[in-house]
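Hello,

Here is the structure we talked about handing over. Please have a look, then read the notes below.

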Amino acid sequence: MGFTSALPLYSHPKIFPNQQRFRVEPLASDYRRWLVPNTPSFITRRGCSRSKRLVLTAAYGTGGGARRRVYRQSQSQQPLSSAPVKQIASFVVPASVFVAATFVLWKLVEVLLMPKPSRSSSVENKSPSQGVKWSFAPGTNLLSSFAAKIDRQSKQTLNEFAKELRAFSSVDMSGRNFGDEGLFFLSESLGYNQIVEEVSFAANGITATGIKAFDGVLQANIVLKTLNLSGNPIGDEGVKCLCDILVNNASLQNLQLNSVDLGDEGAKAIAELLKKNSTLRVLELNNNMIDYSGFTSLAGALLENNNIRNLHLNGNYGGALGANALAKGLERNKSVRELHLHGNSIGDEGTRSLMSGLSSHKGKITLLDLGNNSITAKGAFHVAEYIKRSKSLLWLNLYMNDIGDEGAEKIANALKENRSITTIDLGGNNIRAKGVGVIAESLKDNTVITNLELGYNPIGADGAKALSEVLKFHGNVKTLKLGWCQIGPKGAEFIADMLRYNNTISILDLRANGLRDEGASCLARSLKVVNEVLTSLDLGFNEIRDDGAFAIAQALKANEDVTVTALNLASNFLTKFGQSALTDARDHVYEMSEREINIFF
């Protein structure tokens, strides 16, 4: 009986090359002999596995004789040939050596080329298990090594900032954009700091959350006097948090919160701070969103606070009602010296209320800024009445209103009686030749005014003539600004004639007056004459060409005693020839008198 079976290669094979067959020796416990079909095959120690089997055909008879003949025949066969084994070994051994050598070389190259980890602080060491930090935002799937590099650079920069805070008395860190986290890091350098007195964190992306970094820090600091947080969107919430912290501060004198999205609620918090804090002297709240309600809160604080000196509220929304509320607070206040209300649209009615309050003010106002407040001649009347009574006001700004000639006449008449104002700005008020003539007449008897701003008024050549005739021999004006006044070449002739005799004006601004070469030549003739006081001359935006530049250059060379140190000819029509002439004149003056003239093209 014959059958087919699958037998694992557990026995020892014998190969018969001549007959292309091999026989499998059975185990000692098996009495059967198995025959393999006529198929060539090579078996190695690594090539065989228990999952592979050879299909063997067993052929045997029932008689014992047959079995004995087969057995004798198998015993008489030649032993297993070793030729194929040697052939396989000749291939496997070199391959194994090559693989081993390649592995060793690879490991060696890896050790040599792999960068050694930097020995940084334990704070900077990152665990290799973190791998890649993924983000769904485009462009943010960065490797952790790159992110760690950015972190190291940021920390290094913040450490440098912290060193500045600990080393200098005045530190400006504005515009560094270190945000809330950076402020938390830097604020630690302010606690118990005995060196820094002024610090600016302006425009750094600090929010209300970052203000909390000052908690416990500003209370402990007894040296810091100026803190600038302008340009940070801290809002009302951040201002409230800051005010709670500063209640217990005993050193801060100057707090700057310009452009911080401050509204009425924040103004109320500041008002409560002013009622309790006794060290603040300067408070800047410019360019915020404070309305009538906020002005009312601040006015209430002024009734109780007698320490604040300078109050800056430029660029808010006080209006007439806000000015009225502020006036009531100023009536009983004794400390305010400077009041900045530029750009609050208080109008004539608000001006009336404010002037009334300042007239009853117990203290001494030295600076009053009412620029860009829609004040007309009617409002100028109330300002003039206050000017007559004031004995402490030094600086008055009415820039960019609309008082006209009528209002200018009222202000001029008041200036005849006032002996305290040194600087007055009437620029951009639609004042013409008539109004300037009246102002010029007031200067005959006034020797106190040293800075006069009349720019952006269409005074024309006639206005320049009226002013020049007075300033030839009268007044004490040292800075005269007549930019954008439409005086033209004819007006320049009057100004040039005035400079021949005037001995007080050191700074003269004639920008954008259409002087052209004719006007420049007139001024050049005056520069040839000895003028011992004029140091700065601004002729920008005047359509001056090379001929005008040549005339000025010749004047500078001719006057060995010229005192001009700054000459501005920017935004004119000069070519390289005109510029070269001016440069040669500058060098000539330096060679002859060793005085430097800064010429701007």
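Start with Glu 493, which is partly exposed because its relative accessible area is 38%. Here, buried means under 20% relative accessible area, exposed means over 50%, and partly exposed is in between (1.4 Å probe, protein chains only).

Before going on, note that this is a predicted model: local features need pLDDT of at least 70, side-chain atom pairs count only at pLDDT 80 or more, and totals for chains, interfaces and linings use all residues. Residues are numbered from 1 along each chain as its sequence is written, and side-chain values use heavy atoms, with hydrogens and water left out.

**Salt bridges**

Glu 493 forms a salt bridge with Lys 490. Their closest N and O atoms are 3.8 Å apart. A salt bridge here is a side-chain nitrogen of Lys or Arg within 4 Å of a carboxyl oxygen of Asp or Glu. Lys 490 is partly exposed, at 48%. Both residues sit in helix α15, 3 residues apart, so about one helical turn separates them. Helices (H or I, at least four residues) and strands (E, at least two) are DSSP runs, numbered from the N terminus. In general, an α-helix has 3.6 residues a turn, so residues three or four places apart point the same way.

How many salt bridges does a search of the whole structure find? The count is 12.

Another of them joins Lys 472 and Asp 497, with the closest N and O atoms 2.6 Å apart. This pair links distant parts of the chain, 25 residues apart. Lys 472 is in the loop between α14 (460-471) and β17 (479-481). Asp 497 is in helix α15 (residues 488-499). Lys 472 counts as partly exposed, at 22% relative accessibility. Asp 497 is partly exposed too, at 28%.

Glu 543 and Arg 516 form a salt bridge as well, at 3.4 Å between the closest N and O atoms. Again the pair links distant parts of the chain, here 27 residues apart. Glu 543 lies in the loop between β19 (536-538) and α17 (546-558). Arg 516 belongs to helix α16 (residues 516-528). Glu 543 is partly exposed at 36% relative accessibility, and Arg 516 is partly exposed at 39%. There is also a network: salt bridges with shared partners join Asp 509, Arg 511 and Asp 538.

Helix α16 has 13 residues, which should span 18 Å at 1.5 Å a residue. Its end C-alpha atoms are 19 Å apart, which agrees. The expected span is 1.5 Å times one less than the number of residues. Buried residues of α16 include Asp 517, Cys 522 and Leu 527. The buried residues of α16 pack against α15, β19 and α17.

Helix α8 (residues 292-304) also has 13 residues. From first C-alpha to last, α8 reaches 19 Å, close to the expected 18 Å. Among its buried residues are Phe 295, Leu 298 and Leu 302. Their cover includes α7 (264-276), β11 (310-312) and α9 (319-331).

Is Gln 256 buried or exposed? Gln 256 counts as buried because its relative accessibility is 15%. This residue lies in strand β9 (residues 254-256). Leaving out residues up to four places away in sequence, Gln 256 touches several others, including Thr 226, Leu 229 and Glu 284. Contact means heavy atoms within 4.5 Å.

Best wishes
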